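Biologist: I am new to this structure. Could you take a close look at a single part, and then say what other places are worth a glance?

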Amino acid sequence: MSDWSRLQESLRRGVSLSDRQAVSLADIEDTASLAAVAAELRDRGHHNVITYSRKVFIPLTHLCRDVCHYCTFAQTPKKIGQPYMTVDDVLSLCREGAKLGCQEALFTLGEKPELRYRAAREALAEMGFATTLDYVKEVARRVLLETGLLPHINAGCMDADEIAGLRQVSASMGVMLESASERLCQKGMPHYGSPDKEPSRRLRTMELAGAAAVPFTSGVLIGIGETRRERVESLLALRRLHQRYGHLQEVIIQNFRAKPGTLMSAAPEPDLNELLWTIAVARLVFGPSMNIQAPPNLSPGVLPQIVAAGINDWGGVSPLTPDYVNPEAPWPHLERLATETAAAGKFLEQRLTVYPAYASDGPRWLAPEVETAVLRLSDAAGFARRDNWVPGEEHPVPGTDAQLLAALPSAAVVSGEVRDIVRRCRETAALNESEVTRLFNARGADFSYVVAQANQLRQAVNGDTVSYVVNRNINYTNVCYFKCQFCAFSKGKQSENLRGRPYDISGDDIAARCVEAWERGATEVCMQGGIHPDYTGQTYIDIVHTVRSVTPQMHIHAFSPLEVWQGAATLGISVPVFLRRLRDAGLDTLPGTAAEVLHDEVRATLCPDKLNTAQWLEVMRAAHDAGLRTTATIMYGHIDKPRHWASHLLHIRALQQRTGGFTEFVPLPFVHMEAPMYLKGTARRGPSFREAVLMHAVARLVFHGLIDNIQASWVKMGRDGVTACLNAGANDLGGSLMNESITRAAGSGHGQEWAPALVDAKIRAAGRRPRMRTTLYADASEERRQAAFAAAPLVEVFSASAGKRQRSKRIGRDSSEPLTAQALPMTWVQTSPDSTLYESVVLMAACN
């Protein structure tokens, strides 16, 4: 067996090359065999995705103290109109780029021109800056603050203080090593006379950047007189730095292009084989996870071959500005780039200037102000958000990967790994966290396959029927002493500045709302609230008694696991005992809320004083053991990641396998607008539309054979959004609600009630059959259906202000007498003879 054959086996087993083994690659001429292994490693680390960053190229200054023999970017003062771009010009360019979907502002500039040119020094002094890097910092700060674009700064060699200053205003930085060969700095070579191109200085900058935890970009320039061995040694120099600091987010393989007017205008350019050889070797040296990039504009017409050699990134591509470093090479149109990437069997995905692994670990790699900007532009995996859709807002529903793929060549194939995981879901086989995480990370053809398979399972299990329940939400108080970072609903001493005033409604008001709901066709009342410091377990028992006394046939779906836990604790009894008391009082089922994300790593930040994962599951298990069915939820899209979602689903799956007590799974996308953690800059803007659709699809797959009903929340997703979910595994639209407080408090603009006639019409428009159901998924009676479709307009509710003590949850009358809404101790005031808007003034019963 040859040395190369042994190396191939070692690489396929996941063993990294030693320095000696890497250098030996310089003698291997078989580019095709190198590329085959490189592509295999690339797929292991990046699956079917090739990324790019949509950017604005900002040539802040063309002045440079160096004189590289191949460069046309650097100019002398006499050849340019002004030494530096003005701040206003930069901001104008970035705002134009933002309109075109750009998220990166690439700052490119000559190195320390003030050390060579008086014109640079005078221009800086006139603007009030001592150095070019001082000016870069100010312009980048303005770009970040005023346009939302993320600066990436290529400022050349820097010291520790300069790096620290620029880290405060940029998401990433970069310096091309080009070559670690000192020989190229000798007289007659391309770097002669360019002090900043000395390899030791550039490597020192990268070392300082690593110590400062800066996501950093570097790479090699091939074809400028270096040998293949020198190329490998350059890659190894970069690898050593990365092994020490972990900060090298990408390695660029850039091919030299001869430019007229330079000292190297007649120099031969490297051929395609040389480029492919270097790309493959870079992948073999750095392994599966590194991002290996090749600029697409420098190699037009051969992009599929470049993909096949092992890259996973095209670098920055601008729909607005040219490549000022290589002006002779225009960027490919993004549609063309997507087409050529698809022809190579890959999906083109947009990223930020900071790569996903670094964006997802912001506290380590980003300054706080920059991390906030990154969070607002990224999805849960750290890729770029491609659209402006957010839960709870009236934005048009964007296209998904499936629609993007429709116009592309069919060469893109579904990953064998994804096919295998989906097959095992269909077989209800055991699943692990990494497998479910892989489904959540599906993009391109993999995404389309996951969604299509989920939809097929929905068809097999539920047919074309889409169900919903006519119900009423009653949130009896928004006073809460817990400090969940996502919640804009609860009101306490730490949240008085959020939407709405603190309230606490009485038993009389609860009764009135239940009676009105019954008269309007409801079969269910759903009740939850904040954890009022004066509430006890008896409060919840009183609520059940009140509802049961005035609406004996109403299904009572009430109390989150947190309320159950707190209620049991205040009475000094166990959770199972308290659940039995609630059941005996008339409670029918429990909502599976307060789950948020069942992963204590997330909960430690999201809701640190709430139930932990084990406690939530304990309440659900106890409820099921008591004969109380429950729903299950996930509230996602804030600080969580796909692996957390996978863990959550598997916890639910395991409990369902034991108890069979869950009736449905309800994904609840995070509504960000008024959420405290978003306002503090520490959360994303909810899930992307792709993620929201995928959550329903993956849930359908993971819960196949265990939980038959996947619900889409119209309050969160919007009425058009839930239609997309119906084609991704969902079969239920939840409740018509009548009143909804929690999501609206977070900033949602979607309505409080979706009338049954409108729900039916939406379902039929989607090509499905509507079915009005009960909480436990039986058909609603014809009497309930007729009442729902003939319902009178809702009376506007009035929630009385909260006091230090809770209001009684008992009704102040003999509950055995016949009761109507008009008979309750409330005053109904019609605002005008023809008005449908009513105002209610609640006459509160005396507190206990």
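Modeller: A residue counts as buried under 20% relative accessible area, exposed over 50% and partly exposed in between, with a 1.4 Å probe and protein chains only. The model is predicted, so local features need pLDDT of at least 70 and side-chain atom pairs pLDDT 80 or more, while totals for chains, interfaces and linings use all residues. Residues are numbered from 1 along each chain as its sequence is written, and side-chain values use heavy atoms, without hydrogens and water.

The part is Phe-256, which is buried at a relative accessible area of 3%. Its place is the loop between β6 (248–255) and α10 (272–286); helices (H or I, at least four residues) and strands (E, at least two) are DSSP runs numbered from the N terminus. Leaving out residues up to four places away in sequence, Phe-256 touches Tyr-70, Leu-221, Ile-222, Gly-223, Ile-224, Met-264, Ala-267, Pro-268, Glu-269 and Pro-270, where contact means heavy atoms within 4.5 Å. From Phe-256 to Glu-435 there are 179 residues in sequence and 42 Å in space, C-alpha to C-alpha.

Elsewhere, helix α12 (residues 334–343) has buried residues, among them Leu-334, Leu-337 and Ala-338. The buried residues of α12 pack against β1 (49–61), α11 (303–308), β8 (313–317) and β9 (347–351). Just after α12, Gly-345 has a positive phi of about 85°.

Last, three strands form an open sheet in the order β17-β10-β18, paired in parallel; pairing needs at least two DSSP bridges between two strands. β17 (732–735) and β18 (769–773) are the edge strands with a single partner each, so one side of each has no neighbour in the sheet. Val-469 stands opposite Gly-735 in β17.
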